Amino acid sequence: MAIKEQPKSPRFRIVANILLAVSGLFLLLNLFLPGLFASGPTGVPYSLFIHQVQEGEVSRVSVGQNQIIYQLKAENAEPAQVFATTPIFDLELPKLLEEKGVEFAATPPPKNTWFTTLLSWVIPPLIFIGIWQFFLARGGGGGGPQGALSIGKSKAKVYVEGESAKITFADVAGVEEAKTELVEIVDFLKTPARFTQIGARIPKGVLLVGPPGTGKTLLAKAVAGEAGVPFFSISGSEFVELFVGVGSSRVRDLFEQAKKQAPCIVFIDELDAIGKSRSSNGFYGGNDEREQTLNQLLTEMDGFAAGDATVIVLAATNRPEVLDPALLRPGRFDRQVLVDRPDLSDREAILKIHAQKVKLGDDVNLKAIATRTPGFAGADLANLVNEAALLAARNLREKVAQEDFAEAIERVVAGLEKKSRVMNETEKKIVAYHEVGHAMVGALTTGNGRVEKISIIPRGMAALGYTLQLPTEDRFLMNEHELRGQIATLLGGRSAEEVVFNSITTGASNDLQRATDLAERMVTAYGMSKVLGPLAYQQGQQAAFLGNGGANPRRAVSEETSKAIDSEVKEIVETAHEQALEILRQNRDLLEAIATQLLETEVIEGEKLHSLLSQVKPVTHS
Ligand code: ADP
Ligand code: MG
Ligand code: ZN
């Protein structure tokens, strides 16, 4: 969703490509010209010159019509060394020089040959056009100024985090499981020998999976910070806009540079933008550029073997389901770390981190703020603190007050609601009963595994809340009774809504879909219907093993059989529905109690949950 792909017309691409090539050529020429025509001075790009002026490293400048010659201060270079650069028409230059206390003078125009005159008139505008086109083609200059300078040299855009901006695990709150996993990666980076000595293979790729703003980028930087290694970063969405062939060579350059600086981290943000499944491209041909880039990435990851330099690739995505399976194979991104939205106590911890940056009033209660912000991700909380500080300043307060936070929450929520991520109180209540419904029915029926966690924190992209069941053992076969139990559990959410609110919401559509699919498979693939007998009504032998879709085309059947299938499926689902309703009706008090508690804590898990669910009484028929 965050990834925009703006298709550019091919003609535009060609024009932009040519201009890029031309401007690159001229830029190169430009760099060499001073060296060619005025033997002696070292040619440098104009931007470097300006940078050196700004840093106060330049001592004397001589400004000519088509060449600037200058010397650095003694402490920055050999005193005798002279540099030359080609001026870009720049009215601000004298002002800047004066500001920085640089000694400068104009040199008399040299005897011009027709060639240099031509160049001095033609090159600067061309460079400008070239650079401008380059940025246009990349979609509005998101690349920053580094991009333009590196045209002639390496094509990889690489950021190496400076020591000053060092981020550690202390800057990341809440995502404890993810941190635990990543601590191991830090160890690998710090002391690779310890692991390679005993023949252990150091993981190459770790995929951080989670919704936007939960701190994936932050975590990756923290790993680099903790290990004290360089951090190379590149974003998948940048590749989509690139000219054909550039993406893969960027990947190659990136890894080349990374290997030179190993041990280090390569971070690929928005991996899904390049790593989309090749088969899901829709039509033949798809996006060639992306495919080449993806292939190059796979090649690079396979390329550095054990014993090689330690380069660990971290990648982030919020859409793991679209990734090409080839990326997830062993030796590539075989480790996946979930970075999920924070729960109540996590949110308080995150608020604490960000609140350190502002002056807090005495009345501020971070816990209360955390309670009021379910569904907020780390980035939303950081934003919230900043909004509150802005409001405080606007209200001419010296410190941020609780009142400012209250107002800021409203603002941020309004923004988030547009993205439909935050639930209002009524919705939250419905979701709580719904999830407890799943959990209670699941506790009584077999075949689902044990209910380990219920949560009303919105997770991932779709679910509002969720009930997590973990199998207690590996299961390969399920009997009819267990499948019926599974269907009842799926319907438990909707049944709870019916029992408590006497109404139904749209929230259960996915549950119903899955329940119906399962029932249909019982009838058409597993031969569990007495009416229809042990016949397979789905096509293809895969039908029986498909744990997910269930939407296999039916074998050609008579209208009668088709009707019979429908009615059998309906019977199974309705029986399960009745069963779920009955369980919840007979345990109504417990349903209330658990839901109330869930609304308070947002998550119930482990022992606490087990002991609550052990109180669910089996249905008695009077
Ligand atoms: P993602 O990469 O998952 O989209 P980012 O890492 O870019 O999210 O997070 C954006 C910002 O939000 C961070 O720079 C940080 O200020 C804040 N943030 C997000 N998650 C956390 C967290 N768990 N703890 C502290 N700050 C966080
Ligand atoms: Mg990010
Ligand atoms: Zn549900």
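Helices, the elements to which shell residues are assigned below, are DSSP runs of H or I with at least four residues, numbered from the N terminus. The model examined here is a predicted one.

**Exercise 1. Describe the protein chain as a whole.**

Step 1. Count the secondary structure: the protein chain has 22 helices and 13 strands.

Step 2. Consider burial. The protein chain comprises 622 residues, and 46% of them count as buried.

Step 3. Examine the contacts with a separation of 6 or more: residues 24 or more positions apart account for 72% of them in the protein chain.

Step 4. The protein chain has an accessible surface of about 31900 Å², and carbon and sulfur atoms contribute 56% of it.

**Exercise 2. Which elements give two or more residues to the shell around ligand 1, and from which does the largest share come?**

Step 1. List the surroundings. Ligand 1 is surrounded by 14 residues, the closest being Ala173, Gly213, Lys216, Thr217 and His354.

Step 2. Identify polar pairs. An N or O atom in the side chain of His354 lies 2.8 Å from a nitrogen atom of ligand 1. On the backbone side, an N or O atom of Leu218 is 2.9 Å from an oxygen atom of ligand 1, and a polar backbone atom of Thr214 is 3.3 Å from an oxygen atom of ligand 1.

Step 3. Assign the shell to elements. Helix H8 (216-227), helix H13 (344-355) and helix H15 (378-394) each give two or more residues. The largest share, three residues, comes from H8.

**Exercise 3. Determine how the zinc ion (ligand 3) is coordinated and where its donor residues lie.**

Step 1. Find the donors. The zinc ion (ligand 3) is coordinated by NE2 of His434, NE2 of His438 and OD of Asp511, at 2.0 to 2.1 Å.

Step 2. Read the spacing in sequence, which is H-x3-H-x72-D for these donor residues.

Step 3. Helix H17 (residues 425-444) holds both His434 and His438, which are four residues apart, about one turn of the helix. Asp511 belongs to helix H19 (residues 509-524).

Step 4. Classify their burial, for which the cut-off is a relative accessible area under 20%. His434 is buried because its relative accessible area is 6%. His438, at 8%, is likewise buried, and so is Asp511, at 10%.

Step 5. Examine the contacts, setting aside residues up to four places away in sequence. Asp511 is in contact with His434, His438 and Leu490. His438 touches Thr467, Thr489, Leu490, Gly492, Gly493 and Asp511.

Step 6. Compare with the record. An unreviewed UniProt entry places the feature "binding site" at His434, His438 and Asp511. These residues span 78 residues in sequence, but no two of their C-alpha atoms are more than 10.9 Å apart, so they gather at one spot.

**Exercise 4. Which residue does UniProt list for "active site", and is that residue buried or exposed?**

Step 1. Consult the record: the unreviewed UniProt entry lists Glu435 for "active site".

Step 2. Locate the residue. Glu435 lies in helix H17, the helix that also holds His434 and His438.

Step 3. Apply the burial cut-off of under 20%. Glu435 counts as buried because its relative accessibility is 6%.

Step 4. List the contacts of Glu435, leaving aside neighbours within four places in sequence: Ile454, Ser455, Gly465, Tyr466, Thr467 and Leu598.

**Exercise 5. Describe the setting of Asn502 and of Glu602, each of which has a positive phi without being a glycine.**

Step 1. State the angles. Phi is about 55° in Asn502 and near 70° in Glu602.

Step 2. Locate both residues. Asn502 sits in the loop between helix H18 (480-501) and H19. Glu602 is in the loop between helix H21 (588-601) and strand S13 (603-605).

Step 3. Asn502 is exposed because its relative accessible area is 70%. Glu602, in contrast, counts as buried at 2% relative accessibility.

How values were computed: Residues are numbered from 1 along each chain as its sequence is written. Chains are lettered from A and ligands numbered from 1 in the order in which they are written. This is a predicted model: local features need pLDDT of at least 70, side-chain atom pairs count only at pLDDT 80 or more; totals for chains, interfaces and linings use all residues. Side-chain values use heavy atoms; hydrogens and water are left out. Donors are N, O and S atoms within 2.8 Å of the metal (3.2 Å for Na, K and Ca); water is not among the atoms, so sites may look incomplete. Buried means under 20% relative accessible area, exposed over 50%, partly exposed in between (1.4 Å probe, protein chains only). UniProt positions are given in the numbering used here, feature names are shortened, and annotations may be inferred rather than shown by experiment. Contact means heavy atoms within 4.5 Å. A residue is near a molecule or strand if one of its heavy atoms lies within 4 Å of it. A polar contact is a pair of N or O atoms within 3.5 Å; within protein, one must be able to donate a hydrogen and the other to accept it, and residues adjacent in sequence count only if both atoms are side-chain atoms. Accessible areas come from the Shrake-Rupley method with a 1.4 Å probe; for residues, only the protein chains shown count as cover.
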